[in-house]
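Here is a short tour for someone meeting this structure for the first time. Have a look at the sequence and the 3D view, then read on.

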Amino acid sequence: MADLYAYTDGACSGNPGPGGWGVLMRAMEGETVAKERELQGGEAETTNNRMELMAAISALEALSRPSRITVITDSAYVKNGVTGWIHGWKRNGWKTAAKKPVKNAELWMRLDEAQRRHDVTWEWVKGHAGHPENERADELARAGMAPFKG
């Protein structure tokens, strides 16, 4: 069975402003790329965090059957949220420890639902540090944003 990876990134011009998200999906057979798929999208008025979330959601929702996948993100917000904070938010009825509504709660709920069917490992990688797959995800995010920029 191939090892599945999704490299995700979000981009925003202004925060809020036009934004995009990108995903490079790879199935690896050992060191060899067996299959590759690219996804991208965007919105006219959004935030960087929303686009980072949309990239991860889109990667998981693109899988037609339950899979074991490693999602690599350069967003500490996404990685920390989905591996840690989300458990408390769900317990607290989607409120923060300070009893405030969780920002982007509808996207966190969608991400939680999308990952439920899969065996997901979350990894963080430093952005804009020459990581080729992360750089490609960034290019896709910028391409996803392009139609919404003035």
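A residue counts as buried if its relative accessible area is under 20%, as exposed if it is over 50%, and as partly exposed in between (1.4 Å probe, protein chains only). Helices (H or I, at least four residues) and strands (E, at least two) are DSSP runs, numbered from the N terminus. This is a predicted model, where local features need pLDDT of at least 70 and side-chain atom pairs count only at pLDDT 80 or more, while totals for chains, interfaces and linings use all residues. Residues are numbered from 1 along each chain as its sequence is written, and side-chain values use heavy atoms, with hydrogens and water left out.

Let's start with helix 4. Its buried residues are Glu133, Asn134, Ala137, Asp138, Leu140, Ala141, Gly144 and Met145. They sit on the same side of helix 4, because they cover an arc of only 160° around the axis (the arc is that of the directions from the helix axis to the C-beta atoms). What do the buried residues of helix 4 pack against? They pack against strand 1, strand 2 and strand 3 (32–46), where contact means heavy atoms within 4.5 Å.

Now for the aromatics. Rings of Phe, Tyr and Trp (its six-membered ring) pair if their centres lie within 6.5 Å; planes under 30 degrees apart count as stacked, over 60 as edge-to-face and the rest as tilted.

| Pair | Centres apart | Angle of planes | Type |
|---|---|---|---|
| Tyrosine 77 and tryptophan 108 | 5.2 Å | 65° | edge-to-face |
| Tryptophan 89 and tryptophan 108 | 5.2 Å | 65° | edge-to-face |

Tryptophan 89 in helix 2 and tryptophan 108 in helix 3 are 19 residues apart, so that pair links distant parts of the chain. Tyrosine 77 and tryptophan 108 are both buried, and tryptophan 89 is buried as well. Together, Tyr77, Trp85, Trp89 and Trp108 make up one aromatic cluster.

Lysine 99 isn't a glycine, yet its phi is positive, near 70°. Asparagine 104 also has a positive phi without being a glycine, at about 60°. Are these residues buried or exposed? Lysine 99 is exposed, at a relative accessible area of 60%, whereas asparagine 104 is buried, at 16%.

Last stop: proline 16, in the loop between strand 1 (3–12) and strand 2 (17–29). A cis peptide bond joins it to asparagine 15, with omega about 15°.
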